[in-house]
Structures are given as structure tokens and as C-alpha cells.
Amino acid sequence: MLSIPHFSEFNTDLWHYLATVKKPIVMYGMGNGADKILSVFEKYGIDVSDFFASDGFVRGQVFHGKTVLSFSAVKEKYPDFVVVVSFGSSLPDVLKNIYNIADNHELYAPDVPVSGETLFTLDFYKENFEKFKKAYSLLADDTSKQLFSDIIRYKITGNIAFLRKAISPQNCEKDLLDFNRYQTFIDCGAYNGDTARKFISDCENASKVYAIEPDRKNFKKLLAYAESEDRATVIPCNFGTWHEQSVAEFTVGGNRNSAIGTQNLKKTEPVELNTVDSLKATADYIKYDVEGAEKEAILGSVETINASYPDMLVSLYHRSEDLYTLPLLINELFPEYKLYLRRFEYVPAWDINLYAIKRR
């Protein structure tokens, strides 16, 4: 019988383990992801012996005062070591390389939140165990429950063996969603129009897309796409989805990671926030992928959802608490919905999707 992993299953979490490991720790990758992990390492007193990149990408770079090595050079320098992956990818060639290293060396991909400061530690899991247990009980099928358990095991241990188990087929959405029924789509976090384009391609009867995107650079690309789309009407909306009308500082990236907040004060600008309900639209399908603002976006959609009962896709990986907070919220607001969990292949545990589907 399936059940959520009890916290007693774990002796420790990844952070405490790495603080005590005797082997040298080498970090695979550079950039913002590495910086986020290093800030946690500093808190736990974890030292990194070296940084490395894939053999074809080493060009004498220096990162945090150390010359970036090739993996071949790491193997020559250390007889044994621990690898920490510091970036995210879904690219098959990159994943193959990570898996190859993991098959021959001790490798971890730490779970650091995309948004917020809460780490998914063993103590965090213990403190919120009853909430995780409740969210688990709301999932509508065994596939969802097994994914939920494997994701938790990964987040606590950093062991990507659990991620390699927790992968859904690329066509899994077609078993859950009724693409033939959908006509109107509200796309919260529309980026450059890629998900709008996919919706129109998948849905024979697609007629209208409200594409909501706050990032100025992304919105410019979205406008260009909307003008070129001839199968359905795409309505670009330049605001961030929220639970009320407001203005907030927005971290500007011109990419998928643009978000409400002031993580980098040199790259922020004020943006308008508004609710989905302000569109006064009906919808057959709503997607929420808004970099940690999913809770607020859902709260700003209650009238729209109650008016037309759309199916929903909610990203469940931006904040450590998302795994329980968002299923519990949807169940509280819309108890008539069934909840399913699916996850596409990615290292670390990104692309976790909660599908909320009206019981019919």
C-alpha cells in the first residue's frame, strides 16, 4: 500500500551530510545556481574544493577565486570526491552526462527554492509533516502519490536516483486533459508565447488565449507572436498575476525566471499587478506558472474559476512549501476538483505540475 515517507525514514538531510563528509566536494557548474547553493554552504560550514564544467566548456574561467577545471582534471586531481550539481537542465545530452557521472561517482543535486528562502530540510519536513500528509491524501491516483513520495525523498537527500524514478511520459497530459473541449485559455506566465502556441496546436477548437506576462522584454516577444498567430486570437496582457491590483518591484530577466521580488536590486523595475478576475473572462483551461506567485494568482482567480470551472495546471516547484500549500488551497477553495501530480524530466526537481480537474 502506498504511503507518504515518514520523517523517521531519514537519518539526516543533504546539507547536514555534506557538512560532515570527509571527501572533497567539487561543484559542477557556475553562475546564479552555484551562488545560491554556496550561500547555503556558508550557513552550514560546507567547503567546496573545486569547480568544474563539462570538458568542452572549460576555457580558463575563474569562479569564486578558483580556476574552473574540466571533469577529466578533477578525476586526475582527486582519487575520490563528491559532485554537487549547481544548475538546472532538461536537455537530453546534459542529463545523460549528469547520469553518467552519478553512475560512477557520488553525486547530489541540492534542492534550493526558486522563490523564497525556505529550504526543504529534514526539520522542515518534520515540522510540516501533517500538511504534507493531508496534501498527499488529496491526490487522485497512485501515480501522483508515488511521484509525491519520490520527490520528497529527493528533496531531503539530494539523491537524483529518486528524480530518475519520478518522471512522467511526455504525453501524460492527454490522459488527464480534454484538449478537444478547450476553446479559451488563460496563460499566467505566458513568457514569449510558447505555451499559448502549444495550446493552440493541441486544441482543435482553440479560439482565444489571454496571455499574461509582466516582464517587459518577454512581453515584447509575446506581442510579436500574438500578431503572427492566425489560428486563434491571442490577447497579450502586460501585468503580473496577483490577488489584488497593485504595483511591485519585479526582477527583470527577459527569461522564464523573471519574478516579483527584489533578489537583485540592480535589475528590478516596478510592474503592474492584477487579478485574473479583472479580465472578466470565461476559461476552459488556466495555467499558473508564475515563479512563486501561484498562491496569489489562484486567489485572484476565484470568480473566474467558480464561473466556468476550468481545468488548471499549477506549477508546484518554485517554493519549498508549494507541495502542500497549493493542493490544500485548491481543495479548500474548490473541493469539487480532483488533483493529479505529474513531473517531466529535469534536474533538479523542476517541472512539477499539479493538474486540477473538475469532477464530471
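How are H6 and H14 oriented to each other: oblique or parallel? Keep that in mind as we walk through this structure, which is a predicted model.

Start with the two helices themselves. Helix H6 covers residues 129–138 and helix H14 covers residues 322–333. Their axes come within 9 Å and cross at roughly 55°. An angle counts as roughly parallel when it is under 35 degrees and as roughly perpendicular from 65 to 115, and H6 and H14 are therefore oblique to each other. If you turn the model to view this pair, you will find that the crossing is left-handed.

Which residues in H6 and H14 meet? On the H6 side they are Lys131, Phe132, Lys134, Ala135 and Leu138. On the H14 side they are Leu323, Tyr324, Pro327, Leu328 and Asn331. Sorted by class, this contact has seven nonpolar residues, one polar residue and two charged residues.

Now let us turn to a sheet. Strands of a sheet pair through backbone hydrogen bonds, and the pairing can be parallel or antiparallel. Here you can trace an open sheet of five strands, in the order S5-S2-S1-S6-S7, with parallel pairing. At its edges lie strand S5 (69–70) and strand S7 (106–108), each of which pairs on one side only. Val26, for instance, has Asp50 in S2 as its bridge partner.

Strand S6 (82–85), another member of this sheet, leads us to a loop. Between S6 and helix H4 (92–104) sits Phe87. Is Phe87 buried or partly exposed? With a relative accessible area of 23%, Phe87 is partly exposed, since buried would require under 20%. Beyond its neighbours within four places in sequence, Phe87 is in contact with Tyr28, Gly29, Val94, Ile98, Val347 and Pro348. For a sense of distance, Phe87 and Arg197 are 110 residues apart in sequence, and their C-alpha atoms are 27 Å apart in space.

Our last stop is another loop, the one between strand S14 (268–274) and strand S15 (285–288), where you will find Thr275. The relative accessibility of Thr275 is 12%, so this residue counts as buried. Which residues surround it in the contact list? Setting aside neighbours within four places in sequence, Thr275 is in contact with Phe239, Trp242, His243, Glu244 and Gly300.

Terms used. Residues are numbered from 1 along each chain as its sequence is written. This is a predicted model: local features need pLDDT of at least 70, side-chain atom pairs count only at pLDDT 80 or more; totals for chains, interfaces and linings use all residues. Side-chain values use heavy atoms; hydrogens and water are left out. Axes are lines fitted to C-alpha atoms, for helices over the stretch in contact, and angles run from 0 to 180 degrees between N-to-C directions. Helices (H or I, at least four residues) and strands (E, at least two) are DSSP runs, numbered from the N terminus. Angles under 35 degrees count as roughly parallel, over 145 as roughly antiparallel, 65 to 115 as roughly perpendicular and the rest as oblique. A crossing is left-handed if the near helix is turned anticlockwise from the far one by less than a right angle, and right-handed if clockwise. Contact means heavy atoms within 4.5 Å. Ala, Val, Leu, Ile, Met, Phe, Trp, Tyr, Cys and Pro count as nonpolar, Asp, Glu, Lys and Arg as charged, and the others, Gly among them, as polar. Two strands pair if DSSP finds at least two bridges between them. Buried means under 20% relative accessible area, exposed over 50%, partly exposed in between (1.4 Å probe, protein chains only).
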